[in-house]
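Please look at the sequence and the structure first.

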Amino acid sequence: MPPSAPGSALLNRLGRIALDTLLPPNCLTCEAPVERQGTQCGDCFRLLTQVTAPYCAHCGVPFIHAGQAGPGGVCPSCLARPPAFAAARAALRYDAGAQRLVLPFKHADRPELAGPLAAMMARAGAELLGRADLLAPVPLHWRRLLARRYNQAALLARRLAVLSGRPCIPDLLRRPRATPPLGDRSAAERAALLAGAFRLTPAAARRVAGRRVLLVDDVMTSGATAEACALALLAAGATAVDVLAAARVPDPRLAEG
């Protein structure tokens, strides 16, 4: 017979004690001792900048002050050209503190960081998770997936699915065409390079038709990738697309202004 709830709780607690004895918990980013596995020490945690209001009501880019918001609480870019997705949110500002979590997760074979990042994303994107019918990660091209060995966005989406109780379809979107790095490209160049880069199979299109999709990614920069994915999902019949990222790159134009 399965153990009772109190018995299961006791076994879990004993298991955690045994794990902490064999492998004392260390900070996720600096190896300093901490009380619980999968957490950061106080010094490292204080380096993180949570994305909180004020931010753009549409794309989620953080504002320096509320006066930067235009009509409807949106940024100048969204006023000039509203994105195809309905709303985007992120847990962290992509700065030096966030990079100490995100870069090892992306490039240093640290998939266990998906759990702490997803927990922060669940808090920041509670409203988006609450209205989502299903979750889908931004896909990687197969060559990049082979190099990294895992899709970090898919790991985050799976964790968020567990936390929210929403279904996750890891292969809903596909990326049949590789694209070059977009870092120094203009908005028009980004859109041109990503046009047609994401697709859905007929079977996937049937699963998305009439449903609201929450697109999951690790870092949102200009929003061009989210835009291209949203266009593909909407063309397949999705009623709306929201975006939830672990970190959001601030718009340097807002800093200058």
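## Conventions

A polar contact is a pair of N or O atoms within 3.5 Å; within protein, one atom must be able to donate a hydrogen and the other to accept it, and residues adjacent in sequence count only if both atoms are side-chain atoms. The model is predicted, so that local features need pLDDT of at least 70 and side-chain atom pairs count only at pLDDT 80 or more, while totals for chains, interfaces and linings use all residues. Residues are numbered from 1 along each chain as its sequence is written, and side-chain values use heavy atoms, with hydrogens and water left out.

## The loop at Asn151

Asn151 lies in the loop between α7 (142-148) and α8 (152-164), where helices (H or I, at least four residues) and strands (E, at least two) are DSSP runs numbered from the N terminus. A polar atom of the Asn151 side chain is 3.1 Å from the backbone oxygen of Val138. With a relative accessible area of 12%, Asn151 is buried; the term means under 20% relative accessible area, with exposed over 50% and partly exposed in between (1.4 Å probe, protein chains only).

Contact here means heavy atoms within 4.5 Å. Leaving aside neighbours within four places in sequence, Asn151 is in contact with Pro137, Val138, Pro139, Leu140 and Leu145.

## The sheet

Four strands form an open sheet in the order β1-β4-β3-β2, with parallel pairing; two strands pair if DSSP finds at least two bridges between them. Because β1 and β2 (134-137) stand at the edges with a single partner strand each, one side of each is left without a neighbour in the sheet. Neighbouring strands of this sheet are turned against each other by 20° on average, direction ignored; axes are lines fitted to C-alpha atoms, for helices over the stretch in contact, and angles run from 0 to 180 degrees between N-to-C directions.

Strand β1 (residues 87-93) has six of its seven residues buried, and six bridges join β1 to the parallel strand β4 (residues 240-248). Within this pairing, Ala88 has Val243 as its bridge partner, and Ala90 stands opposite Ala245. Helix α8 lies across β2, β3 (212-220) and β4, and runs at about 130° to β3.

## Nonpolar cores

A nonpolar core is a set of buried Ala, Val, Leu, Ile, Met, Phe, Trp, Tyr and Cys residues joined through side-chain atoms within 4.5 Å. The largest has 40 residues, and those with the most contacts inside it are Phe85, Leu172, Phe198, Leu200 and Leu233. At least two residues of this core are supplied by each of β1, β2, α10 (202-208), β3, α11 (224-235) and β4, and α11 gives the largest share, seven residues.

Not counting residues up to four places away in sequence, Leu200 touches Leu172, Leu173, Ala205, Val208, Ala232, Leu233 and Ala236. A second, separate core of 32 residues includes Ala91, Leu101, Ala161 and Ala246.

## Backbone exceptions

Most residues other than glycine have a negative phi, and most peptide bonds are trans. A cis peptide bond, with omega about 10°, joins Ala53 and Pro54, and Pro54 is found in the loop between α2 (42-45) and α3 (76-80).

Glu31, in the loop between α1 (5-22) and α2, has a positive phi near 70° and counts as exposed at 51% relative accessibility. Asp109, in the loop between α4 (96-107) and α5 (114-124), has a positive phi near 55° and is partly exposed, with a relative accessible area of 41%.
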